[in-house]
Amino acid sequence: MILTAANAPRSAVACTEPAKRTAIIYARVSKDMSGIQRSPTEQVAECRAICERNGWLIREVIVDNDLSASAFARKQRPGYRRVMTEIQPGEVLVVWEPSRITRRMDDHLDLVNLCQASGILFCAGGEIIDFTDPSAELNAGVKAQFAQYESAQTARRVQRATRARAESGRPHGNLGFGYRRIVAANDTTVGWETDAEAARIVARVAERLLAGDSLYKVSADLNAEGSRAPGRTPSEAGPWTPVKVKAMVLRPALAGLRVFRGEVIGDSTWPAIITPDQHERLKAVLTHRSQRTPSGPKTSHLSSGIAECSECGGGMYWRARGGRKTSPPQYRCQKGCTQRNAEIVDGLVASAVVEMFYDKVWAASALAGDDDKAASAALEVKALEQQMLVEIDEIDTLGFARVNALREKKKIEDQYLPKIQAAQAESMQAVNPALRPFVDATDPYGVWESLGLLAQRDVVRAVLRVRIFPVRGRKLSIDDQNGVLINPRVFPSGTPPRDEDTDNDPF
């Protein structure tokens, strides 16, 4: 029998159905490098022609540009969600071809259910599909299954290519601050080289941080020099912050290391700016518990917020003056428990720090960390973890039953995990970054005076506990040094002081 518009199934009829309907056009492109929606525009033009031939009134055109419809997509498609929620019963959904609407079987089934329940026609690639027709539903399902298969195969090819690129040490994407692209005549990237000026900044920042400078001081100096922190685009470059400095200098790429899925897997093909040893030492220094990135307003007084009130335990903060107009600046408890002359307190604190570092026994305890040993331990952690994974993977090749295989893997973990944990603990034993300037110092007073205020405050936090007591039974003159108790946080034994060592009343 010859098929005509009168006797052919609706699913097989070309887009010439005379019924007057309203239509929604949906267009999508997975990757539009130009960002000007050229491909979606062509899809929409063809869909408009189909609607015109069929006499459908176009109610809305919805576009998802540069968004994937596969099961491996990481971004949501706002246009697709609008289509599924806004299309009305009896309308037509028009797309350039079926994979434009989805490459996922579960999404396809949602579309089928919606069309069947609401009498919606689906027009794709010049063919009208009525999902109430079982044969039409079957044919469309086969096409959707094949689209999902092709999407999965493409994803696997991309993953294999990405892994191969990583294992060969080639870059994937932008290397970031310190590097620039080598561009061929056809405007394609053929490699990467160091950016001389940016590389000098990276090397200098690494040296300063390893020498003991704080992130805050380094970022402030970079801004004072007129250097700009990189942004996503040149126009988004801005001032350096401690967070940006830390993120920049900790990148493994700077040491010529290739990272894949968060793990260093080998050397890279691009030149290194710092050495792998410097990279490991920077990690040990910048992940030390004392190396925080400051927030909030900057203080300009040595003991403000560091000194504690002995009554309520709260911080003592600098105030311009005491209770009388003629009083000098004070450190005052926010609850009003007590106050002390700020200049006197700061002088006592500075003297205590310097005296402690002149004490060789105490200084040896405070500076007991070992940067080189910490960096070596970090490398040992990686080596042990890699060896453990290799031995665990080998179990799968030996033909053990599942229960026995799990038992053998557990034995391997029990063998390696204590060693890994011990190496991890040792990798954290770097010298406190705040105290690094005092390492091998012959003139602690000169070192202290050379530090900026923020660095001095970091030193005080690391080595001292400062408490201020109210006067009981007698009134102190405003310059009296009594009532200020300063205790070391580290004893020559390397252990912190006991409560009974620090809770003595200073009177």
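Two strands count as paired if DSSP finds at least two bridges between them. Helices (H or I, at least four residues) and strands (E, at least two) are themselves DSSP runs, numbered from the N terminus. This is a predicted model, where local features need pLDDT of at least 70, side-chain atom pairs count only at pLDDT 80 or more, and totals for chains, interfaces and linings use all residues. Residues are numbered from 1 along each chain as its sequence is written, and side-chain values use heavy atoms, with hydrogens and water left out.

View 1. Look for Phe122, whose bridge partner in strand 5 is Ile129. Axes here are lines fitted to C-alpha atoms, for helices over the stretch in contact, and angles run from 0 to 180 degrees between N-to-C directions.

**View 2. Helix 4 covers residues 134-167.** At 1.5 Å a residue, the 34 residues of helix 4 should span 50 Å, and its end C-alpha atoms are 49 Å apart, which agrees. (The expected span is 1.5 Å times one less than the number of residues.) Which residues of helix 4 are buried? They are Ala136, Ala140, Gly141, Ala144, Ala147, Ser151, Ala152, Ala155, Thr162 and Ala166. Buried means under 20% relative accessible area, exposed means over 50%, and partly exposed is in between (1.4 Å probe, protein chains only). The buried residues of helix 4 pack against helix 3 (105-118), strand 5 (127-129), strand 8 (257-260) and strand 9 (263-267). Just after helix 4 comes Gly169, with a positive phi of about 85°.

**View 3. Strand 6 and strand 7 form a hairpin.** Strand 6 (residues 179-183) and strand 7 (residues 189-194) are antiparallel and share 5 bridges. Tyr179 stands opposite Thr194 in strand 7. There are 5 residues between the two strands, and Asp187 in the turn has a positive phi of about 70°.

**View 4. Another open sheet has 3 strands, in the order 10-14-15.** Its pairing is mixed, and you can check that strand by strand. Strand 10 runs parallel to strand 14 (residues 464-468), joined by 2 bridges, and Glu308 has Arg467 of strand 14 as its bridge partner. On the other pairing, 5 bridges join strand 14 to strand 15, and these run antiparallel. There, Leu464 has Pro488 of strand 15 as its bridge partner. How much of strand 14 is buried? The count is 4 of its 5 residues, so strand 14 is largely enclosed by the rest of the structure.

**View 5. Helix 9 and helix 14 cross each other.** Helix 9 (residues 342-358) lies across strand 14 and strand 15, running at about 25° to strand 15. Helix 14 (residues 453-463) lies across strand 14 and strand 15 too, at about 90° to strand 14. The axes of helix 9 and helix 14 come within 11 Å and cross at roughly 70°. That makes helix 9 roughly perpendicular to helix 14, a label for angles of 65 to 115 degrees (under 35 is roughly parallel, over 145 roughly antiparallel, and the rest oblique). Contact, meaning heavy atoms within 4.5 Å, is made by Val349, Val353, Met356 and Phe357 of helix 9 and Val459, Val460 and Val463 of helix 14.

**View 6. Asp359 lies in the loop between helix 9 and helix 10 (360-366).** Is Asp359 buried or partly exposed? At 39% relative accessibility, Asp359 counts as partly exposed. Asp359 and Pro444 are 85 residues apart in sequence, and their C-alpha atoms are 10.0 Å apart in space.

**View 7. The whole protein has 15 helices and 15 strands.** Of its 507 residues, 40% count as buried. Among contacts between residues at least 6 apart in sequence, 64% join residues at least 24 apart.

Note on methods. The expected span of a helix is 1.5 Å times one less than its number of residues.
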